[in-house]
Amino acid sequence: MRIGELSKRTDTPVRMLRYYEARNLIVSERLHNGYRDYDDYVVDRVRQIRGLLDVGLPTRIIGQILPCLDSPITIHMPYVTPDMVATLEEVRDRMAEKIECLTKNHTAIGDYLRAAGFDAEAS
DNA sequence: GTTCTCACA
DNA sequence: TGTGAGGA
C-alpha cells in the first residue's frame, strides 16, 4: 500500500510516517515512480510505535528496542547505554501505573454494570 | 489527485 | 512537527 493508505489505516499523519522511516523505525519499498510501498505488517508496526510513543519513549530509543520485539525474538543488545536503561525503567513503571489504574476502573465499571443489572460482560 | 524531497526561522 | 515550494 502507499503512504496515504497506511496513514488512514494507522491514523498517523503522512508526515510522521516519513519521519519514522528516516529514524529507521519502519521500512518501505519503492514503486517505479518513487512512491513508497508498504507491506501489510507495517500497519501493526506503526501501531506499536505509536503505542510506545504515547507512553513517552523517544523515537531514538524505539529504534533500538523495536528490533528486539521483532518476530524471531532476537535478544540482541548491541550497545545498551545507561540513559536508555533509565528511560526504559521509567516507561515501564509508568505503564505499570497505567495498567493498575485501568484495572481499577475496569473492575469498578464492571461492578456498576452488575449492580445495575446490565451485566453480561465477562470480568 | 497523490506523493516526493528539501528547507524554513 | 507544520507548512510551503517545485516536480513528476
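E90 is partly exposed, with 48% relative accessible area. Here "buried" stands for under 20% relative accessible area, "exposed" for over 50%, and "partly exposed" for values in between, using a 1.4 Å probe and protein chains only. This is a predicted model: local features need pLDDT of at least 70, side-chain atom pairs count only at pLDDT 80 or more, and totals for chains, interfaces and linings use all residues. Residues are numbered from 1 along each chain as its sequence is written, chains are lettered from A and ligands numbered from 1 in the order in which they are written, and side-chain values use heavy atoms, without hydrogens and water.

What does E90 pair with? E90 forms a salt bridge with R94. The closest N and O atoms of E90 and R94 are 2.7 Å apart. A salt bridge is a side-chain nitrogen of Lys or Arg within 4 Å of a carboxyl oxygen of Asp or Glu. E90 and R94 are four residues apart in helix α5 (residues 82-115), so about one helical turn separates them. Helices (H or I, at least four residues) and strands (E, at least two) are DSSP runs, numbered from the N terminus. R94 is partly exposed, at 31% relative accessible area.

## Other salt bridges

The structure holds nine salt bridges. One of them joins the side chains of R92 and D93, at 2.7 Å from N to O. D93 is partly exposed, at 39% relative accessibility. Elsewhere, salt bridges that share partners join E5, R9 and D40 into one network.

D44 also forms a salt bridge, with R47. Their closest N and O atoms are 3.9 Å apart. Both residues lie in helix α3, three residues apart, or about one turn of the helix. D44 counts as exposed, at 52% relative accessibility. R47 is partly exposed, with a relative accessible area of 46%.

Which residues of helix α2 (residues 14-22) are buried? They are L17, Y20 and E21. These residues sit on the same side of α2 because they cover an arc of only 100° around the axis. The arc is that of the directions from the helix axis to the C-beta atoms.

The cover over the buried residues of α2 includes α1 (3-10), β1 (29-30), β2 (36-37) and α3 (41-54). Contact here means heavy atoms within 4.5 Å. The face turned away from the buried side carries the exposed residues R15 and A22. After α2 comes N24, whose phi is positive, near 60°.
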